[in-house]
Amino acid sequence: MKSKSVLQGVPVYQPGKPLEEVKRELGLEEVIKLASNENPYGCSPSVWESLTEEQAHLFMYPEGGAPQLRQELASHLNVSTDRILFGNGSDEIVQMIARTYLEPGYEAVMADITFPRYKTQTLIEGCTPVEVPMVEGTHDLDAMARAVNDHTRIVWVCNPNNPTGTIISHDALVSFLDRLPDHVLVVVDEAYQEYVTDPSYPDTLSLVEKDPRVVVLRTFSKIYGLAAFRIGYAVASPGIVDEMNRVREPFNANRLAQRAARAALADREFVENCRRENRRGIERIQAQLDEWGLSYFPAHGNFVMMDTEKPADDVFQCLLEKGMIVRSGAALGYPTHIRVTVGTPEQNQRFLQELAGCLHLPKPKEVA
Ligand SMILES: Cc1ncc(COP(=O)(O)O)c(C=O)c1O
């Protein structure tokens with residue numbers, strides 16, 4: 001049996017190395033995983049209670065449209081309910097967008113290097129990914145606008161960008177939109193939006209209201225700490241939501257995920273604390289890198305992409321043997337960088353200590 005020919009060029013997704021696998025392979029008792037931009041504080045404790053309440057209903061399919069979560073999220077975001085579409089993670093929404101809008105012969109424009117699922121889903125639909133080199137780890141919006149032509153259907157903007165962590169500003173996004181024709185959809189992936197503290201960051205929901213070409217993607221996997229439940233969402237024009245609902249699997253947002261997301265959304269204090277601690281963590285890590293004279297991309301999500309000035313795979317392996325899982329930049333197109341998720345203060349300190357050992361740098365400062 002031969003698969004679709006386009007699949008020849010499609011890679012299998014490479015996730016961060018799982019914690020249990022590393023413990024088994026290296027015989028280590030304690031392993032810290034800072035490889036998949038998960039929340040080191042877990043999720044709101046109220047999620048557990050909500051799951052207990054949901055136990056009695058697990059024999060029933062969920063409501064496909066997630067009406068209660070939809071209502072609560074719409075009111076939290078101050079958008080109308082018909083603008084929201086849920087996915088089995090925002091990964092699934094990336095797939096739904098490609099399935100809804102791409103046909104062979106079309107093109108999708110994206111940064112080189114960015115979240116890999118945009119390219120994968122474009123290839124699966126038999127379309128051409130147009131990858132536009134970044135400038136200093138940041139989307140080059142001028143070059144991306146120039147790459148748009150009559151065949152372009154989607155422009156992907158990852159903000160903050162994974163893996164570099166850089167952002168583009170509201171003004172830059174608005175002038176980019178002004179330059180694009182009506183036949184393209186601009187998908188702004190804001191998986192790390194809740195972590196951003198920079199005031200220039202776009203207010204994309206206001207742009208969605210005004211401009212039917214804009215789709216925003218967000219997720220409960222990151223600051224809300226619900227990665228295992230698989231739930232994310234898009235905010236778009238009601239027309240786009242209606243079109244994407246035609247390709248959506250009937251029960252794609254599962255019952256436990258809907259319930260967990262409602263509880264997580266309501267706990268604003270948890271989110272606020274995670275944002276604050278994450279920012280402190282970034283500052284701690286960046287200050288130490290400055291002291292060592294190592295460069296990094298300005299971090300706006302919950303991860304820092306840094307240049308170790310050594311082959312990234314070697315640094316990755318050295319850290320792994322010390323019980324720290326990070327992401328090597330080698331497979332991501334940055335041969336000497338590693339991407340490290342911001343952990344708890346203790347995890348960050350431990351990471352810096354182990355990194356110093358691997359790179360033969362002076363010991364990091366102790367923190368109070
Ligand atoms: C930029 C970006 N978009 C989307 C996702 C997918 O998130 P989800 O868990 O909601 O599928 C990730 C996950 O790491 C991401 O980094």
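Predicted model: local features only at pLDDT ≥ 70, side-chain atom pairs only at ≥ 80, totals over all residues.
Me: What about backbone atoms, say in S90 and D91?
Reply: S90 has a backbone N or O atom 2.7 Å from an oxygen atom of the ligand. For D91, a polar backbone atom is 2.9 Å from a ligand oxygen.

Me: Which residues come nearest to the ligand?
Reply: There are 13 residues around the ligand, and S90, D189, Y192, T219 and S221 come nearest.

Me: And how does that shell divide by residue type?
Reply: Four of the shell residues are nonpolar, five are polar and four are charged.

Me: Change of topic. Where is T122, and is it buried or exposed?
Reply: T122 belongs to helix α5, residues 117-124. Its relative accessible area is 0%, so T122 is buried.

Me: What is T122 in contact with?
Reply: Setting aside neighbours within four places in sequence, T122 is in contact with L102, A108, M110, C127, T128, P129 and W156.

Me: How many residues of α5 are buried?
Reply: Six of the eight residues in α5 are buried, which leaves the helix mostly covered. They are R117, Y118, T120, Q121, T122 and L123.

Me: What do those buried residues pack against?
Reply: They pack against helix α4 and the strands β3 (107-112), β4 (128-133), β5 (152-158) and β6 (185-189).

Me: Who sits in α4, R99? How is R99 placed relative to T122?
Reply: R99 is in α4, which covers residues 90-101. R99 and T122 are 23 residues apart along the chain, and their C-alpha atoms are separated by 8.7 Å.

Me: Is R99 buried, exposed or partly exposed, and why?
Reply: R99 counts as partly exposed because its relative accessibility is 44%. Apart from neighbours within four places in sequence, R99 is in contact with E125, V247 and E249.

Me: What follows α5?
Reply: G126 follows α5, and its phi is positive, near 75 degrees.

Me: Which residues other than glycine have a positive phi?
Reply: N37 is one of them, with phi near 55 degrees, and N78 is another, with phi near 60 degrees. Most residues other than glycine have a negative phi.

Me: Where are they, and are they buried or exposed?
Reply: N37 is in the loop between β1 (32-33) and α2 (46-54). At 1% relative accessibility, N37 is buried. N78 is in the loop between α3 (67-77) and β2 (84-87), and at 67% relative accessibility it is exposed.

Me: Which peptide bonds are cis?
Reply: The bond from N159 to P160 is cis, with omega near -5 degrees. The bond from N162 to P163 is also cis, with omega near 20 degrees. P160 is in the loop between β5 and α7 (170-179), and P163 is in the loop between β5 and α7 too.

Me: Last one: what does the UniProt annotation cover?
Reply: The unreviewed UniProt entry annotates residues 30-354 as "domain: Aminotransferase class I/classII large". Over those residues the chain is 40% helix and 17% strand, with the end C-alpha atoms 14 Å apart.

Notes: Residues numbered from 1 in each chain as written. Heavy atoms only, no water. UniProt positions renumbered as here; feature names shortened; annotations may be inferred. Helix = DSSP H or I, 4+ residues; strand = E, 2+ residues; numbered from the N terminus. Buried < 20%, exposed > 50% of the residue type's maximum accessible area, 1.4 Å probe, protein only. Contact = heavy atoms within 4.5 Å. Near = heavy atom within 4 Å. Polar contact = N/O pair within 3.5 Å; in protein donor to acceptor, adjacent residues only side chain to side chain. Nonpolar A, V, L, I, M, F, W, Y, C, P; charged D, E, K, R; others polar.
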